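Please open the model in your viewer and keep the selection tool at hand. We will go from stop to stop, and at each one you will find out what to select and what is there.

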Amino acid sequence: MAGPLDGVRILDMSTVGMGPMATQMLGDMGADVIKVEPPAGDVFRHVTPQRHAGMSHAHLNLNRNKRSVVLDAKTPRGLEALLELIAGADVFVSNMRAPALRRLGLDHESLAPRFPRLIHCVCYGYSERGPYAGRPAIDDTIQAASGLAWLQGAAGAEAPRYVNSVVADKTVALYVSNAIACALYARERTGAGQSIEVPMFECMVAFLAPEHLAGRSFVPAEGEAGYARLLNEYRRPFATRDGYLSVVPYTDAQWRRFFALAGDPGMADDPRYCTARDRSRHFPELYRYVEDTLRARTTAQWLEALETADIPFAPVHSFDDLLADPHLAALGFWRECEHPTEGRLRQAGIPVHFGATPGDVRRHAPSLGEHTEEVLGGRTWSVPR
């Protein structure tokens, strides 16, 4: 069964994490994704670990369901080939900064008269509409600029820290894929393509604002920025007698049940803890109470008790734990496949399930230029549908 984006062609001239993750998600949903790379290849091909040069773990995990074409858009011949590919594409995606796109004539204003149905999506650090336009950006700098590193440092109470994941790249990748899907739907109704700008800085500020704008949501302010529950010093996995657990009673009923499990049912009637509003003023002492309580029993004892009480909980998993997780195993989440050059590989599957048009993994992550002749040699591209 074809995926929901079957028949859509996406020309992907993005590198590293954000753009490739977005286009892989679209490829998983059935789109035909052509990855256009410079002669040296996407820089993420060259990090370690890897078995062979240019085929890093990061490339393998971000570029399945794509074909790789190598061309140098800075040469007349390469630019001509790229424009031919654009003529046959529904979507053109790039994380090249705007001045560079304009120099090559690959900006929306240059392409739209020739390709009025083209969806032209650019994703980079900062919007061209503001004074930060053109600044270079990577995940770490956006974590700093957006307030995330400050939040990880307890909103200024500690030294700022980065999240141990390229969380800005991957979060904004979701914005990119969502924006492209929306633009494709709009084109179905209007027949016209359009430009899309997805800036990392603004997307991450928007992503963090719902809870952390907090008191600054009001004019005049009703308090500081930063959501207190997430910033209190005791918000962490708690030690049991023999391990660690995440335990988060949240509703009135869940807290009442937790106090009963802890042997202190009367605490549910304490005026400091009766309602969500009351508890929001006392998060540190509440979480300290949970921490002290969990030390009394083993992880296995708490897992059974918390599941019976229907209180949110989770064990603290390592990635090795996840590879053996029974829930993921039941879903067939981890995929193993034979790659033609890299041998046996393991990858995360497609987490989103479509009842009628499911996504699928149809292609391995390509070697550099693996499909150049297939895509460019036959000159078989047609006008986009």
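Select aspartate 310 to begin, in the loop between α14 (299–309) and β9 (313–315). The helices (H or I, at least four residues) and strands (E, at least two) on this tour are DSSP runs, numbered from the N terminus. Aspartate 310 is not a glycine, yet its phi is positive, at about 55 degrees. Most residues other than glycine have a negative phi, and most peptide bonds are trans. Is aspartate 310 buried or exposed? With a relative accessible area of 55%, aspartate 310 is exposed. Here buried means under 20% relative accessible area, exposed means over 50%, and partly exposed is in between (1.4 Å probe, protein chains only).

A note before you move on: this is a predicted model, in which local features need pLDDT of at least 70 and side-chain atom pairs count only at pLDDT 80 or more, while totals for chains, interfaces and linings use all residues. Residues are numbered from 1 along each chain as its sequence is written, and side-chain values use heavy atoms, with hydrogens and water left out.

Next, select asparagine 65, in the loop between α2 (57–62) and β3 (66–70). Asparagine 65 also has a positive phi, near 55 degrees, but asparagine 65 counts as buried, at 1% relative accessibility.

Now look for two cis peptide bonds. One joins threonine 48 and proline 49, with omega about 5 degrees; proline 49 is in the loop between β2 (32–37) and α2. Another joins valine 219 and proline 220, with omega about 0 degrees, and you will find proline 220 in the loop between α9 (200–212) and α10 (228–231).

Time for the sheet. In what order do its six strands lie? Follow β3-β2-β1-β4-β5-β6: this is an open sheet with parallel pairing. Two strands pair if DSSP finds at least two bridges between them. The edge strands, β3 and β6 (194–199), each pair on one side only.

Zoom in on β4 (residues 91–94) and β5 (residues 119–124), which pair in the parallel sense over four bridges. Click valine 91 and you can find its bridge partner in β5, isoleucine 119.

Then select helix α8 (residues 167–190). α8 packs on the sheet and touches β4, β5 and β6; contact means heavy atoms within 4.5 Å. Axes are lines fitted to C-alpha atoms, for helices over the stretch in contact, and angles run from 0 to 180 degrees between N-to-C directions. So α8 is roughly perpendicular to α9 (angles from 65 to 115 degrees count as such). Among the residues that make this contact are Val172 and Tyr175 of α8 and Met204 and Phe207 of α9.

Finally, colour the largest nonpolar core, which has 35 residues. Such a core is a set of buried Ala, Val, Leu, Ile, Met, Phe, Trp, Tyr and Cys residues joined through side-chain atoms within 4.5 Å. Which element gives the most to this core? The answer is α8, with eight residues. End at isoleucine 180, which touches Leu26, Val91, Val93, Cys121 and Ile196, not counting residues up to four places away in sequence.

Definitions and conventions
Angles under 35 degrees count as roughly parallel, over 145 as roughly antiparallel, 65 to 115 as roughly perpendicular and the rest as oblique.
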